[in-house]
Amino acid sequence: MGLPSASDMNKGLLPRAEAVRLLQSVLRQGASFDDAFGIAAATGPLSKSSPSDRRLCYAIVATALRRKGELDCRLAGVMPKPLPKSAGPAHEILLVTAAQLLFMRVPSHAAVSLAVTVAKANPQAKHFASLINAVGRKISSQSFDDNTGTDPSINTPSWLYRRWRDHYGPSTAQAIARAHLEEPPLDLTVLGDPQTWAHRLHGSPASGQTVRLTAWHGSIADLPGFAEGQWWVQDEASSLPARLLGNVKGKRILDLCAAPGGKTAQLATAGAHVTAIDRSQERMEKLRANLDRLKVSAETVICDALEFQSPEPFDAVLLDAPCSGTGTIRRHPDLPYHRIPKQIGPLAELQHRLLNRCVSLTKPDGLIVFSTCSLEPEEGEDQLTRLSSDLRHIPVQESEFSLTPRWLNAQGCIRTLPNQGLDGFFAMRLKRV
């Protein structure tokens, strides 16, 4: 894509042009939205833009991804025929334009005229500039809520939505899909009194040490307590697995697949002697940076969890296993476009192997907590039926750990859902026998 001039940048073109480029990277090249945006904001075209322009760019792309099914349906209804493959980024330009007009209430003259400018700067899309102008004006003249938002499942790939419907039932599947349309709050795990921090951060206390901020759109580094290491970003659901280990003070705890380190920080600040394992050097560097900021320590090892050896077993093991991540779509709206059905089985098999590996790393009668941030039964409930004879399930009771009853399923496992206001997580507590 051609870059806009400096004068155009000052008129709001840069965030829209960059939104088109990022959307192309996600939908066509399989890039992670968070990673691509982070690079653009740190060293790319957005690095010298204003904070408001960066927020606008992020919001446009996130909205386009969350509402892509509805946007595609609306665009198909006003276009005479589909775009040819030779149209370059014309489809992404239309998605960006429709997202602003239908769901962000951006004035039509700004959204449409800037879309045409973006199109004219591209060698392929410039031939469709007049079509983009006509489609944008037609959409802007229609009712905002006409045929939009009536069926949230339209924004979820059909194969994925069918899985949720079959496992959770039609009404819950609809509620999950609807929850994915909303921007999630910012959850922080705080040190000290949550009530005090909630007041200081203008948030509200949730469960445990979680404080929830519902209206923060700036840099987290600007929040009180960040530089002092008084909290870290962690969804409330992600904080639940470590709680299932109970009092860990003075115990040796192994945190497998530990990065980016929220659970490691939980355990270390609770007084555990933590060994954190992750195979990614880059992710481990982020974990170490987080621990340094929080002024807590843990032994860190870069290693494949299946190959890790220890001279003596641990008192307990926390395995937050690699998974499809479908419970985190609220926070990662690009994720459905990076997943295909055949990925689920191999991931579930890897989780089973990792769980069996935990046995030899745990003392007899020691605890193992298994968790995934997935909504898929193969990566959660079905693992309970595959336990080896060395493991015994210890059901979690409602009275333990200040858990909300709706977070527990009939088997005594944690099962949270996005429509409950937090990420989708599964966790079960086991004992080595």
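Before I turn to the first feature, a word on terms: a patch here is built from residues with over 30% relative accessible area and no salt bridge, like charges being joined within 9 Å and nonpolar side chains (Val, Leu, Ile, Met, Phe, Trp, Tyr) within 5 Å. A salt bridge would be a side-chain nitrogen of Lys or Arg within 4 Å of a carboxyl oxygen of Asp or Glu. What we have is a predicted model, in which local features need pLDDT of at least 70 and side-chain atom pairs count only at pLDDT 80 or more, while totals for chains, interfaces and linings use all residues. Residues are numbered from 1 along each chain as its sequence is written, and side-chain values use heavy atoms, with hydrogens and water left out.

Glu 285 lies in helix 14 and is classed as partly exposed because its relative accessibility is 44%, the class between buried, under 20%, and exposed, over 50%, with a 1.4 Å probe and protein chains only.

There is also a nonpolar surface patch, formed by Trp 216, Ile 220 and Val 233, which together have about 220 Å² of accessible area, computed by the Shrake-Rupley method with a 1.4 Å probe. Trp 216 sits in the loop between strand 3 (210–213) and strand 4 (231–233), and its relative accessible area of 31% makes this residue partly exposed.

Finally, Ser 25, in helix 2 (residues 13–29), counts as buried because its relative accessibility is 10%.

Terms used
Helices (H or I, at least four residues) and strands (E, at least two) are DSSP runs, numbered from the N terminus.
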